[in-house]
Amino acid sequence: MIDQHRQAFKEEAYELLTELESSLLELEERPDDQDLIGRVFRAMHTIKGSGSMFGFDDIAGFTHEVETIFDMVRNGKLQVTGRLVNLTLAARDQIRAMLDAADSGAGTDLEATAGIIVGLRELAGFQGAEAPVQKEEAKEAPRDPVTYRIRFVPSRDIFITGTNPLTLLAELKELGTCTVVAQTGGFPSLEEMDPEGCYVYWDLILTTDQGENAIRDVFIFVEDDCELKIGAIAEHSRYDEQQDYKKLGEILLERGDITPQEMEAVLAQQKRFGELAVSQGILHEGKVQSALAEQKHLKEVRQEKQVADSSSSIRVPAERLDLLVNLVGEMVTVQARLSQTAAQHGEPELLAIAEEVERLTAELRDSALNIRMLPIGSTFSKFKRLVRDLSAELGKQIEMTTEGAETELDKTVIEKLNDPLVHLIRNSIDHGIELPEAREAAGKPARGTVHLGAVHSGDSVLITIADDGAGLDKDAIRTKGIERGIISASAELSEKELFGLIFAPGFSTAKTISSVSGRGVGMDVVKRAIEALRGSIDVSSVRGRGTRITVRIPLTLAIIESLLVKIGNDCFMMPLSLVDECVELTREDVARSHGRNLAHVREQLVPYIPLRSRFGIGGCAPDIEQIVITRVDGVRVGFVVDHVIGEHQTVIKSLGRAYKDTEGISGATILGDGSVALILDIPQLVQAVEMERG
Amino acid sequence: MAKVIMTADDSASVRQMVTFTLKQGGYEVVEAVDGKDALQKLAGTKVDMLITDLNMPNLDGIGLIKGARALASCKFIPIVMLTTESQDSRKQEGKAAGATGWIVKPFKPEQLMAVVKKVLG
């Protein structure tokens, strides 16, 4: 059995290690003894070699590092020093520990291994990146199938090296769709023929996604003494647009089997090209057959491709995309200026151009932003691992279900979402899902569920984290809120407000602090992270049934649709996704509300914030002001401005460090006329006003 | 009928591993401890393939390959030699003597099977 081999190797290795130890100790005393150095090197070499042969890959990999160093010592590139001997002894002990561990199944101390390797590399004077790492076969990304034209002409005496060319052809066929044409044109007459010689050669057309190296690998044993030509003939994307594959003559011409002159001479006769070429003795029939086979092969491959029509993709560095999006952003700004100028001049021709540019820019913007979209699924799978590990650690049985993994979000957003989502899931596992016994006592299945879902909703994505755990304890939250001084003892809070408290800084209801969900620093950080993405977070919970947290995230960060408004001479932007409607506010309305800042909108009272006074903008408001009514966390709040100018594509520019903490402003943008408009941070403004009112 | 493969190696542990791997793959195996032993056994049994080490006492791998190719029964069988990376010159020597291919040591069972499949079909 295989264990037997492993056992044999281990015995051998233990012996070698004992020998190694004594050699090293001697080496310390006689650091220049080449014989000893050679002995150390050979011991390492054998351990590495046999180790990888019998499945001790970790030992082989580690020993390789030590061996590399001793190779340098052997070649006089490195001196034997006390430190080197110390490290090598440590390495020797580590190998022994790894051997021991392999038996018991216990893990080895990876940190110690890494530490020794780093030490050795430092000693050798190279940094990690330049270190001679064991040749790793580069993992190549799946690629599009390419069609190769292969001509394999074996040497006459291929049979006497025991090679059977047919097994090679069979191996090629395993790589993809393959058409084989045997060329028998080289046969001599019977008298001259060597019966043990090979006179046949092969033309092959192979469509494979394995790459040229895989083809060369097939011929690795014979490539030195055979004639092997491998060439890609068609990138599939290229000839897709062509009506037909190349003409027979073109193929032969490309292969160098025929000269252009010969071809023209033949073509002049206006008969079937292949037949003619053969009858005139320019070509052997086999070559024509081969070219015809290529034609047919590619037709077939293309048909297959059309059926499958697999979506091809290319990899592009993220910076290039960022640059593209930045450029599109600039473009949008310039386009706005063009539109504005055109409108001012009122020249019909210019207006038409401006409109065309506007339409194209919008399309360009959408597709540029689309490129940056990634499915959120990759993050989901990471969370599965998290759930598995955490539930094991806490002794809970938890299953994670996901939905909408294909939902796409901006790359940057996905990256920034990771931490908040990890935190929310941890909370669900730690505080939400109960222990199996408690669940069964409550009449629920012992195995809890954490559901992670993503779905598109307008220009945002809703991500939900739902568990079927204990749910939020309103009383506990209330008690804690009072205790922490977040709310007053007499405060009357709605359920929503109460749940909102868990996002307050320094709030935690868990009775014990666990390593999993931390020390109550979590939820307020989560909320801030989500808001930094211009998103919002919402909690609903039923005691005993579970908790559902909904995160709403805008699709992209770089460019938003917004509403351009004006107060005095200043322009402001309000994210259109938050805007519900606009209504007028007359002087009479203001007078009627008796300073309570409430507007009547279709039988409903909507509180509003007069931005003019809020921002301390001087001057007089017009007789009829506008209220832009927004919806934040499901609550309608109005913002009073002088004028609503209209929708605007806003390229968000951050304000820089100095203005980072400015309340109520999330960024700025440049308008068509070159002036700057500030982007209002609606949720923050609402929150600030609520806080002031207590 | 299962194909017969001969492994010639002076190292018992390598021989053991090769034999085990090949038997797992459904082949019959004949073991030989060096080149001389191998040639004697080849004269009496028909094998479909030979896997040989290069460094062996009595008769080395190159000698074995030459000797085997001289036998009518072994003229066209695949012969694969086991070499180490540093032995490129030996590899050429082996090819000149009539080896079909080579396996670089250290190797894993999967690699051995891949080469056997490649040359034996």
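## Burial in helix H5 of chain B

A residue is counted as buried if 20 or more other C-beta atoms lie within 10 Å of its own. The model discussed here is predicted. By that criterion, the buried residues of H5(B) are B:Leu112, B:Val115, B:Val116, B:Lys118 and B:Val119. Viewed down the axis of H5(B), these buried residues fall within an arc of 160 degrees, so they line one face of the helix. An α-helix has 3.6 residues a turn, so residues three or four places apart point the same way.

The cover over the buried residues of H5(B) includes elements of both chains: helix H6 (165-173) of chain A, and from chain B helix H1 (12-24) with strands E3 (49-53), E4 (79-84) and E5 (101-105).

## Geometry of the helix

H5(B) comprises the 12 residues 109-120. After H5(B) comes B:Gly121, which has a positive phi, near 85 degrees.

## Chain B as a whole

Chain B contains 5 helices and 5 strands, and along the sequence they follow the pattern β-α-β-α-β-α-β-α-β-α. Of the 121 residues in chain B, 40% are buried. Among its contacts between residues at least 6 apart in sequence, 59% join residues at least 24 apart.

## Contact between chains A and B

Chain A gives 18 residues to the contact and chain B gives 21. On the chain A side, the elements that supply two or more residues are helix H1 (2-29), helix H2 (34-53) and H6. The residues on this side of chain A comprise 7 nonpolar, 9 polar and 2 charged.

Definitions and conventions: Residues numbered from 1 in each chain as written. Chains lettered and ligands numbered in written order. Predicted model: local features only at pLDDT ≥ 70, side-chain atom pairs only at ≥ 80, totals over all residues. Helix = DSSP H or I, 4+ residues; strand = E, 2+ residues; numbered from the N terminus. Expected span 1.5 Å × (residues − 1). Buried ≥ 20, exposed ≤ 12 C-beta atoms within 10 Å, placed from the backbone. Arc of directions from axis to C-beta. Contact = placed C-beta atoms within 7 Å. Nonpolar A, V, L, I, M, F, W, Y, C, P; charged D, E, K, R; others polar.
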